[in-house]
Every structure is written in C-alpha cells, then in structure tokens.
Amino acid sequence: MLEQEEEHLHFFNQAVNKYAVRPTLLMPIWQFGGYLIGAVSAVISPKTAMLVTEKVEEVIEEHYSEQIELLQRSAPKHELLPVLKQFRNDEI
C-alpha cells in the first residue's frame, strides 16, 4: 500500500508542475492533519487505525470517481483519465 501511495504522490507532484497548477496553501495543514489522524488512531488500537484508513480510502475513491466522471463528460480523451482510473482501482 505504501508503494502505491508513494507512486500516486509522485505522479501528482509532477502533474502540478506539468499543468502549472498552483498547489493549495493549506497543504501543510492537510499533511499535519493526516499524520495526526493516523498517529492518534494507531495509538488507540490497530482496529481503529484500520477503520480510519478504510474510511479515508472510501473518500479518496469517491473523489477519484467524481473526477473521472467529470473528465469523461468534458474531455473523454484526456491523458489523465486512464491514470485516474488506475489510481481509483488501487484505492479500491
């Protein structure tokens, strides 16, 4: 799972540069919040950590599905479409 997450992160970091997208200023807050949620859930119990991970993955899967649907309607041949589909499948 870590390898997949690192692959996704690497891809999107490159895509931000390639598509000249300004990254959110809230990224440090997201990073800290994600770490904190993971750390606290792991301290509570392994079962809690897995439950939190599962719920986060569900939200990510939904987000990918929404982005895929949008691209299929607006730009069905966009080069990101197959990548997003693969990443969504990785999350599932």
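Figure 1. Ala20 counts as exposed, because its relative accessibility is 69% and the cut-off for exposed is over 50%. The model shown here and in the other views is a predicted one. Ala20 sits in the loop between helix 1 and helix 2, just after the end of helix 1. Its phi is positive, at about 55 degrees, although Ala20 is not a glycine. Most residues other than glycine have a negative phi.

**Figure 2. The whole chain, for orientation.** The chain contains four helices and zero strands, and its pattern along the sequence reads α-α-α-α. The C-alpha trace spans about 45 × 25 × 20 Å along its principal axes. The chain has 92 residues, of which 16% count as buried. Among contacts in the chain with a separation of 6 or more, 56% come from residues 24 or more positions apart.

**Figure 3. Helix 1 and the loop residue Tyr19.** Helix 1 covers residues 2-18, which makes 17 residues. From its first C-alpha to its last, helix 1 reaches 24 Å, close to the 24 Å expected at 1.5 Å a residue. Tyr19 belongs to the loop between helix 1 and helix 2. With a relative accessibility of 30%, Tyr19 counts as partly exposed, because that class lies between the 20% limit for buried and the 50% limit for exposed. Not counting residues up to four places away in sequence, Tyr19 touches His78, Glu79 and Leu80. Of these, Leu80 is one of the buried residues of helix 4.

**Figure 4. The contact of helix 2 with helix 3.** Helix 2 (residues 27-44) packs against helix 3 (residues 46-74) at an angle of about 145 degrees. The axes of the two helices are 5 Å apart, and their crossing is right-handed. Helix 2 brings Ile37, Ser41, Ala42 and Ile44 to the contact. Helix 3 meets them with Pro46, Thr48, Ala49 and Val52. Which kinds of residue make up this contact, nonpolar, polar or charged? Six are nonpolar, two are polar and none is charged.

Figure 5. Two rings count as a pair if their centres lie within 6.5 Å. By this rule the model has five aromatic pairs. One of them joins Tyr64 and Phe87, with ring centres 6.4 Å apart. Their planes stand at 70 degrees, so the pair is edge-to-face; the cut-off for that class is over 60 degrees. Tyr64 lies in helix 3 and Phe87 in helix 4 (residues 80-91), so the pair ties together parts that are 23 residues apart in sequence. Tyr64 counts as buried at 8% relative accessibility, and Phe87 is buried with a relative accessible area of 4%. Ring pairs also link Tyr64 and Phe87 with Phe11 and Phe12 in a cluster.

**Figure 6. The buried residues of helix 4.** Helix 4 has 12 residues. Its first and last C-alpha atoms are 16 Å apart, close to the 16 Å expected at 1.5 Å a residue. Which residues of helix 4 are buried? They are Leu80, Leu81, Leu84, Phe87, Asp90 and Glu91. An α-helix has 3.6 residues a turn, so residues three or four places apart point the same way. Helix 1 and helix 3 are among the parts that cover the buried residues of helix 4.

Figure 7. Glu91 lies in helix 4. Is Glu91 buried or exposed? Its relative accessibility is 9%, so Glu91 counts as buried, the limit being under 20%. Leaving aside neighbours within four places in sequence, Glu91 is in contact with Glu5, His8, Glu57, Ile60 and Tyr64. Glu58 is 33 residues from Glu91 along the chain, and their C-alpha atoms are separated by 7.9 Å.

Figure 8. Glu62 has its place in helix 3. At 49% relative accessibility, Glu62 counts as partly exposed, because exposed begins over 50%. Glu62 and Glu91 are 29 residues apart in sequence. In space, their C-alpha atoms are 9.9 Å apart.

Notes:
Residues are numbered from 1 along each chain as its sequence is written. This is a predicted model: local features need pLDDT of at least 70, side-chain atom pairs count only at pLDDT 80 or more; totals for chains, interfaces and linings use all residues. Side-chain values use heavy atoms; hydrogens and water are left out. Axes are lines fitted to C-alpha atoms, for helices over the stretch in contact, and angles run from 0 to 180 degrees between N-to-C directions. A crossing is left-handed if the near helix is turned anticlockwise from the far one by less than a right angle, and right-handed if clockwise. Contact means heavy atoms within 4.5 Å. Ala, Val, Leu, Ile, Met, Phe, Trp, Tyr, Cys and Pro count as nonpolar, Asp, Glu, Lys and Arg as charged, and the others, Gly among them, as polar. The expected span of a helix is 1.5 Å times one less than its number of residues. Rings of Phe, Tyr and Trp (its six-membered ring) pair if their centres lie within 6.5 Å; planes under 30 degrees apart count as stacked, over 60 as edge-to-face and the rest as tilted. Buried means under 20% relative accessible area, exposed over 50%, partly exposed in between (1.4 Å probe, protein chains only).
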